[in-house]
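Subject: Structure handover

Hello,

Here is the structure I said I would pass on. Please open it beside this email, as the notes below follow it piece by piece.

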Amino acid sequence: MKIYKFTVIFEPEKKRKGVYNAFVPALPGCLSFGESLIEARYNIREAIELYLSTLLEEDELVPKDKKIKTSENAKVEEIIVGIDYEIKAGFEKKLVSGYAK
């Protein structure tokens, strides 16, 4: 299993109390939200997992983590995701995903 660590930005919605939008600066288009910070964490972890799975299935490189400046209301966290990617006999690829914190 290969472990990846990415910086995630959680920004509270202005119009809906308790709702958080989440995005990963290093993974363009990898974003999610949640009705709470806990739900947003779970959802963005799943989005990262799917994003990385797609990159690996397409033989693309996984980008390095990057950090950006954020608003003072934003929460910045590192999320750790584990992806199990195996090459079997005959070069058939098998992808099994999981995550860890």
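A residue is called buried when its relative accessible area is under 20%, exposed when that area is over 50%, and partly exposed in between (1.4 Å probe, protein chains only). Before the findings, two points on how to read them. This is a predicted model, in which local features need pLDDT of at least 70 and side-chain atom pairs count only at pLDDT 80 or more, while totals for chains, interfaces and linings use all residues. Residues are numbered from 1 along each chain as its sequence is written, and side-chain values use heavy atoms, with hydrogens and water left out.

Salt bridges

A salt bridge here is a side-chain nitrogen of Lys or Arg within 4 Å of a carboxyl oxygen of Asp or Glu. Helices (H or I, at least four residues) and strands (E, at least two) are DSSP runs, numbered from the N terminus. The structure holds 5 salt bridges.

One of them joins the side chains of Glu35 and Arg16, at 2.9 Å from N to O. Glu35 sits in the loop between strand E3 (31-34) and helix H1 (37-57), and Arg16 in the loop between strand E1 (2-12) and strand E2 (20-23), so this pair ties together parts that are 19 residues apart in sequence. Glu35 is partly exposed, with a relative accessible area of 42%. Arg16 is also partly exposed, at 39%.

Another salt bridge is formed by the side chains of Arg41 and Glu77, with an N to O distance of 2.7 Å. Arg41 belongs to helix H1 and Glu77 to strand E4 (residues 75-87), so the pair ties together parts that are 36 residues apart in sequence. Arg41 is partly exposed, at 22% relative accessible area, whereas Glu77 counts as buried at 16%.

The side chains of Lys67 and Glu78 also meet in a salt bridge, at 3.5 Å from N to O. Because Lys67 lies in the loop between H1 and E4 and Glu78 in strand E4, this pair ties together parts that are 11 residues apart in sequence. Lys67 is exposed, with a relative accessible area of 57%, and Glu78 is partly exposed at 41%. Both residues take part in a network of salt bridges that links Lys5, Asp65, Lys67 and Glu78.

The nonpolar core

A nonpolar core is a set of buried Ala, Val, Leu, Ile, Met, Phe, Trp, Tyr and Cys residues joined through side-chain atoms within 4.5 Å. Which residues have the most contacts inside the largest one? They are Phe6, Val8, Phe10, Val24, Ile44, Ile48 and Leu52, in a core of 21 residues. The elements that give two or more residues to this core are E1, E2, H1 and E4. H1 gives the most, with 8 residues.

Contact means heavy atoms within 4.5 Å. Leaving out residues up to four places away in sequence, Phe6 touches a list of residues that includes Val24, Ile48, Leu52, Glu77 and Glu78.

Two further residues

Leu56 lies in helix H1 and is buried, at 13% relative accessibility. The C-alpha atoms of Leu56 and Ile83 are separated by 9.4 Å, and these residues are 27 apart along the chain.

Asp59 is in the loop between H1 and E4 and is exposed, with a relative accessible area of 56%. Most residues other than glycine have a negative phi. The phi of Asp59, however, is positive, near 55°.

Regards
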